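Subject: Handover of a structure and notes on its aromatic residues

Dear colleague,

Please find below the structure that I am handing over to you. I would be grateful if you would read the notes after it with the structure open.

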Amino acid sequence: QVQLVESGGRLVQAGGSLRLSCAASGRSFSSLSMGWFRQAPGKEREFVAATGLSGRSTSYADSAKGRFTISRDNAKNSVWLQMNSLNPEDTAIYSCAGSRSPFSIDAGLYAYWGQGTRVTVSS
């Protein structure tokens, strides 16, 4: 029963930056691959970024590559998503997710999900 809690979402102007945080309960965090997904109103949930157990292996959606960075600190049971050069198309609910399988862009492979944090980018 892994618990994930996101924070850091807020209203930000286009071109600005945000850092989202995801805190995990218990001692199982270091055994989880972690990912960030987002869902905008009227859109399907989409992959944003993911990382393996150590944080060394990463993967990004084309829309995120070069602008977003995923990182983790297993000692802190935390994963972050640094988002730069935000645009209105980035507006969405961002959720972190954990998987006991190797990290993937497929949301269906993630068994643990947070409730999400809202990011709104104004033009």
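The notes below cover the origin of the model, its aromatic rings and two further residues.

This is a predicted model, in which local features need pLDDT of at least 70 and side-chain atom pairs count only at pLDDT 80 or more, while totals for chains, interfaces and linings use all residues. Residues are numbered from 1 along each chain as its sequence is written, and side-chain values use heavy atoms, with hydrogens and water left out.

Aromatic rings

A pair of aromatic rings is described by the distance of the centres and the angle of the planes. Rings of Phe, Tyr and Trp (its six-membered ring) pair if their centres lie within 6.5 Å; planes under 30 degrees apart count as stacked, over 60 as edge-to-face and the rest as tilted. The structure holds four aromatic pairs. One of them joins Phe37 and Phe47 edge-to-face, at 5.7 Å centre to centre and 70° between the planes. This pair links distant parts of the chain, with Phe37 in strand 4 (residues 33-39) and Phe47 in strand 5 (residues 46-51), ten residues apart. Strands (E, at least two residues) are DSSP runs, numbered from the N terminus.

Both Phe37 and Phe47 are buried; buried means under 20% relative accessible area, exposed over 50%, and partly exposed in between (1.4 Å probe, protein chains only). Tyr110 and Trp113 also form an edge-to-face pair, at 6.3 Å centre to centre and 65° between the planes. Tyr110 has a relative accessible area of 4% and is therefore buried, whereas Trp113, at 24%, is partly exposed. Phe37, Phe47, Tyr110 and Trp113 form one aromatic cluster.

Arg45 lies over the face of Trp113, at 4.1 Å from the ring centre. A charge sits over a ring if NZ of Lys or CZ of Arg is within 6 Å of the ring centre and within 35 degrees of the ring normal.

Ser104 lies in the loop between strand 9 (92-99) and strand 10 (112-113). Its relative accessibility is 14%, so Ser104 counts as buried. Not counting residues up to four places away in sequence, Ser104 touches Phe37, Phe47, Ala50, Leu109 and Tyr110; contact means heavy atoms within 4.5 Å.

Thr58 is in strand 6 (residues 58-60) and counts as partly exposed because its relative accessibility is 36%. Leaving aside neighbours within four places in sequence, Thr58 is in contact with Ala50, Thr51, Ile70 and Phe103.

Yours sincerely

Notes
Helices (H or I, at least four residues) and strands (E, at least two) are DSSP runs, numbered from the N terminus.
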